[in-house]
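Work through the exercises below with the sequence and the model open. Each task is followed by a solution in steps.

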Amino acid sequence: MKCTDLLTQEHKIILRALDVLEHMATRVENDQPVEAQDVDTLLRFLRAFADEHHQAEEESALFPELMRSAGNEGPLRHMIFEHDQERSLVEGLEDALRTKKGMEFVHFANRLAQLLRSHIRKEDNILFEIVERCLSIEQDERVTAELNKFQINPDFLADLRRLEWTYLRRAA
């Protein structure tokens with residue numbers, strides 16, 4: 001399995017979380033109930049899985065290898081910039097939850113979902129094509145081995161499945 005295959009699979013999981021987040025934001029916007037504990041669970045998932053797991057993989061395993069091979073820093077710097085923006089938006093969501101500011105939550109949720117969906121499209125359709133062209137088989141194997149060192153807590157995925165069932169009435 002190529003490193004991009006692993007990362008693409010994780011993108012699909014992150015997109016599922018964004019579906020839940022957007023649904024929660026719509027409910028808040030329409031004065032429908034959303035359990036604060038569920039929002040907290042989803043934010044923990046985004047922080048732990050999307051950032052501390054997925055983005056950390058990219059920044060520590062893929063990006064350095066790609067820099068050595070491709071040498072073009074522009075796209076990678078832009079991806080890291082967007083990772084930082086995503087982290088800031090999650091902080092905004094956490095603050096809106098703590099302070100019970102519903103419309104701020106809606107704003108940050110919609111902004112994060114838009115940014116992350118766009119970011120994932122860029123990675124899947126642009127960055128990963130660069131990876132395919134620039135990394136040798138050996139480099140790809142090294143990156144894949146590094147990615148496989150990152151462990152996913154199965155509780156996070158179980159939490160996401162529960163939130164999908166609760167808010168989207170579907171199980172993934």
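**Exercise 1: a helix pair**

The crossing of α1 and α4 is left-handed, a term used when the near helix is turned anticlockwise from the far one by less than a right angle (clockwise would be right-handed). The model is predicted: local features need pLDDT of at least 70 and side-chain atom pairs pLDDT 80 or more, while totals for chains, interfaces and linings use all residues. Residues are numbered from 1 along each chain as its sequence is written, and side-chain values use heavy atoms, without hydrogens and water.

Task: describe how α1 and α4 pack, and sort the residues of their contact.

Step 1. Locate the helices, which are DSSP runs of H or I with at least four residues, numbered from the N terminus. Helix α1 covers residues 3-29 and helix α4 residues 102-134.

Step 2. Take the angle and the distance. The angle is about 160 degrees and the axes are 9 Å apart; axes are lines fitted to C-alpha atoms over the stretch in contact, and angles run from 0 to 180 degrees between N-to-C directions.

Step 3. Classify the angle. That makes α1 roughly antiparallel to α4, since angles over 145 degrees count as such.

Step 4. Sort the contact between α1 and α4: 19 residues are nonpolar, 5 polar and 7 charged. Asp, Glu, Lys and Arg count as charged; Ala, Val, Leu, Ile, Met, Phe, Trp, Tyr, Cys and Pro as nonpolar; the others, Gly among them, as polar.

**Exercise 2: salt bridges**

Task: find which parts of the chain the pair glutamate 94 and arginine 47 ties together.

Step 1. Apply the rule: a side-chain nitrogen of Lys or Arg within 4 Å of a carboxyl oxygen of Asp or Glu. The count comes to 15 salt bridges.

Step 2. Check the pair. The closest N and O atoms of glutamate 94 and arginine 47 are 2.7 Å apart.

Step 3. Glutamate 94 lies in helix α3 (residues 73-99) and arginine 47 in helix α2 (residues 36-70), so the bridge ties together parts 47 residues apart in sequence.

**Exercise 3: a network**

Task: follow the salt bridges of arginine 87 to glutamate 59 and to aspartate 84.

Step 1. Glutamate 59 and arginine 87 have their closest N and O atoms 3.1 Å apart. This pair links α2 with α3, 28 residues apart.

Step 2. For arginine 87 and aspartate 84 the closest N and O atoms are 2.8 Å apart. Both lie in α3, 3 residues apart, which is about one helical turn.

Step 3. Join the bridges that share partners: Asp51, Glu59, Asp84 and Arg87 form one network.

How values were computed:
Helix = DSSP H or I, 4+ residues; strand = E, 2+ residues; numbered from the N terminus. Parallel < 35°, antiparallel > 145°, perpendicular 65-115°, else oblique.
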